[in-house]
There are 2 protein chains.
Amino acid sequence: MLIHIDFNSEEAIYQQLCNQIILGIATCQFADGQVLPSVRQLADDIGINMHTVNKAYTVLKQEGFVKVDRRRGAVISVDYDKQRAEAGVDKELRTLLAEAICRNLTREDIHSMVDRIYDEYERYIDS
Amino acid sequence: MLIHIDFNSEEAIYQQLCNQIILGIATCQFADGQVLPSVRQLADDIGINMHTVNKAYTVLKQEGFVKVDRRRGAVISVDYDKQRAEAGVDKELRTLLAEAICRNLTREDIHSMVDRIYDEYERYIDS
DNA sequence: CCACCTGTTATACAAATAATATAACAGGTG
DNA sequence: CACCTGTTATATTATTTGTATAACAGGTGG
């Protein structure tokens with residue numbers, strides 16, 4: 001998978017890395033059971049420090065996207081607990097929608113944005 | 001408006017403050033043209049430093065939620081540029097929905113969450 | 001004019017976070 | 001035994017966060 005880091009971004013490198021891997025899972029570029037590159041390998045590829053990658057993997061592990069197999073390394077393993085997933089999304093959605101309402105975006109505006117993004121992500125499923 | 005800061009949160013104080021004021025605007029507890037408490041007043045009320053409040057106001061100003069009237073202070077003044085609003089929401093929505101898709105949440109799940117939050121926020125409009 | 005209210009700015013300081021660097025360790029593989 | 005994993009330990013630098021004290025310019029009302 002192609003990973004690109006914006007070194008001028010406000011967002012921390014390890015956070016960008018997390019988000020891109022999650023995006024990779026969503027677009028089926030990473031499948032359940034697939035092995036991620038080793039922390040040293042990925043750090044070299046991107047041109048960052050090993051510990052920055054390690055932090056990203058640690059966060060992904062805590063959030064239930066990855067498990068560590070002593071033999072192979074970091075393996076995609078998504079936690080499908082719907083309760084927890086909804087709780088997490090709900091919290092972020094609240095602040096996001098507050099901003100949207102302030103700007104006079106209707107719920108229909110949001111619905112179509114959601115559909116457009118879902119369509120875009122699901123295009124990758126048949127590949 | 002009642003503002004509550006969680007001092008044990010990961011989220012920065014000034015960021016929580018921004019979010020709560022935006023939430024206040026969304027739920028019509030702050031109306032366009034209304035004056036926010038002065039930085040010193042609000043800092044005293046919450047029990048934090050003046051500069052922390054000032055940073056929150058500065059961010060809100062840059063993001064187009066507030067303008068500063070030399071006579072009165074910080075005044076609610078929402079920028080309704082729909083293009084910019086959608087661009088901002090879209091960016092955040094992308095990372096949020098990537099996580100949702102990973103967890104097997106359908107677009108219908110998201111739609112109903114959006115509706116529920118919109119319903120909740122709009123309850124406050126008639127008050 | 002003068003006290004008093006705004007936000008703003010300038011420093012300074014402590015604490016936490018982010019990123020880097022070097023090095024070592026334990027577990028597993030071939 | 002060499003080699004690959006993630007992990008841990010230390011150290012250093014830079015940035016961010018929050019606090020603290022102080023001053024300044026613009027505007028208001030007595």
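This is a predicted model: local features need pLDDT of at least 70, side-chain atom pairs count only at pLDDT 80 or more; totals for chains, interfaces and linings use all residues.
The expected span of a helix is 1.5 Å times one less than its number of residues. Helices (H or I, at least four residues) and strands (E, at least two) are DSSP runs, numbered from the N terminus.

Residues are numbered from 1 along each chain as its sequence is written, while chains are lettered from A and ligands numbered from 1 in the order in which they are written.

**Exercise 1.** Compare the reach of helix 4 of chain A with its expected span, then find its bend.

*Solution.* 
- Step 1: Helix 4 of chain A has 21 residues, for which 30 Å is expected at 1.5 Å a residue.
- Step 2: From first C-alpha to last, helix 4 of chain A reaches 29 Å, close to that expected value.

**Exercise 2.** Work out why Cys18(A) counts as buried, and find its contacts.

*Solution.* 
- Step 1: Look in helix 1 (residues 13-26) of chain A, where Cys18(A) has its place.
- Step 2: Cys18(A) counts as buried because it has 23 C-beta neighbours inside 10 Å. The cut-offs are 20 or more other C-beta atoms within 10 Å for buried, 12 or fewer for exposed, and partly exposed in between, with C-beta atoms placed from the backbone.
- Step 3: Skip neighbours within four places in sequence, and Cys18(A) is in contact (C-beta atoms, placed from the backbone, within 7 Å) with Ala56(A), Val59(A) and Leu60(A).
- Step 4: Val59(A) is 41 residues away along the chain, yet the two C-alpha atoms are separated by 7.6 Å.

**Exercise 3.** Describe the side of chain A that touches chain B.

*Solution.* 
- Step 1: Count both sides: 35 residues of chain A are in contact with 35 residues of chain B.
- Step 2: On chain A, helix 1, helix 4 (82-102) and helix 5 (107-122) each give two or more residues.
- Step 3: Helix 4 of chain A gives the most, with 15 residues.
- Step 4: Zoom in on Cys102(A): leaving aside neighbours within four places in sequence, its contacts are Ile22(B), Ile25(B), Ala26(B), Phe65(B) and Val78(B).

Note on methods: Two residues are in contact if their C-beta atoms, placed from the backbone, lie within 7 Å. The bend at a residue is the angle between axes fitted to the seven residues ending there and the seven starting there.
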